[in-house]
Amino acid sequence: MSLKERLADELKNAMKNKNQLRKNVITMIRADIKQIEVDKRVELTDEEVIEIISKQAKQRRDSIEEFEKGGRADLVEQAAQEVDVLMEYLPEQLSEEEIETIIKEVIADTGATSMKDMGKIMATAMPKLKGRTDGKVVNQIVRKILQ
């Protein structure tokens with residue numbers, strides 16, 4: 001079953017169970033998928049759908065930071081619940097140790113030695129880590145290793 005089919009099934013279940021939060025999150029995912037498919041006139045693969053979901057999760061995490069700065073605990077809670085729903089559709093997230101191992105391999109492969117090579121490292125590492133971690137985390141780990 002493709003990820004798009006799974007989302008369609010889970011949307012039906014959310015509507016039957018009157019789970020408004022899950023219904024809203026899945027509807028937003030499906031709307032983004034449909035928008036890209038119509039704009040580009042293509043059928044998205046599971047990897048491309050995962051990219052969309054990752055982007056939405058990142059947007060929610062960024063929103064949580066902003067809501068916390070603004071003292072909006074109600075919106076922080078809602079965004080956190082939305083992130084939880086989104087994470088169900090993403091591949092298992094990597095631990096920091098696993099990310100660090102992959103980055104060390106990339107550094108060895110690319111021959112990177114300093115922060116000047118950050119772009120080369122990120123360009124090589126991100127396709128390997130796509131959907132399984134946030135780029136911000138990867139960036140922080142690369143900085144830590146290269147210091």
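**Asking how we know: helices and contacts in a predicted chain**

User: What makes a stretch a helix, and how many helices does the chain have?

Analyst: Helices are DSSP runs of H or I with at least four residues, strands are runs of E with at least two, and both are numbered from the N terminus. By that rule the chain has 7 helices and 0 strands.

User: Why is Arg6 called partly exposed?

Analyst: Buried means under 20% relative accessible area, exposed means over 50%, and partly exposed lies in between (1.4 Å probe, protein chains only). Arg6 has 28%, so it is partly exposed. This residue is found in helix 1.

User: Which residues does Arg6 contact, leaving aside its neighbours within four places in sequence?

Analyst: Contact means heavy atoms within 4.5 Å. Arg6 is in contact with Met1, Glu88 and Tyr89. Tyr89 is 83 residues away along the chain, yet the C-alpha atoms of Arg6 and Tyr89 are separated by 9.1 Å.

User: Which residues of helix 3 are buried, and what do they pack against?

Analyst: Val49, Ile50, Ile52, Ile53, Gln56, Ala57, Arg60 and Ile64 are buried. The buried residues of helix 3 pack against helix 1 (3-16), helix 2 and helix 4. Over the whole chain, buried residues make up 34% of the 147 residues.

User: How do helix 2 and helix 4 cross?

Analyst: Axes are lines fitted to C-alpha atoms, for helices over the stretch in contact, with angles from 0 to 180 degrees between N-to-C directions. The axes of helix 2 (residues 20-40) and helix 4 (residues 73-87) come within 10 Å and cross at roughly 65 degrees. Where they meet, Leu21, Arg22, Val25, Met28 and Ile29 of helix 2 touch Gln78, Gln81, Glu82, Val85 and Leu86 of helix 4.

Technical notes
Residues numbered from 1 in each chain as written. Predicted model: local features only at pLDDT ≥ 70, side-chain atom pairs only at ≥ 80, totals over all residues. Heavy atoms only, no water.
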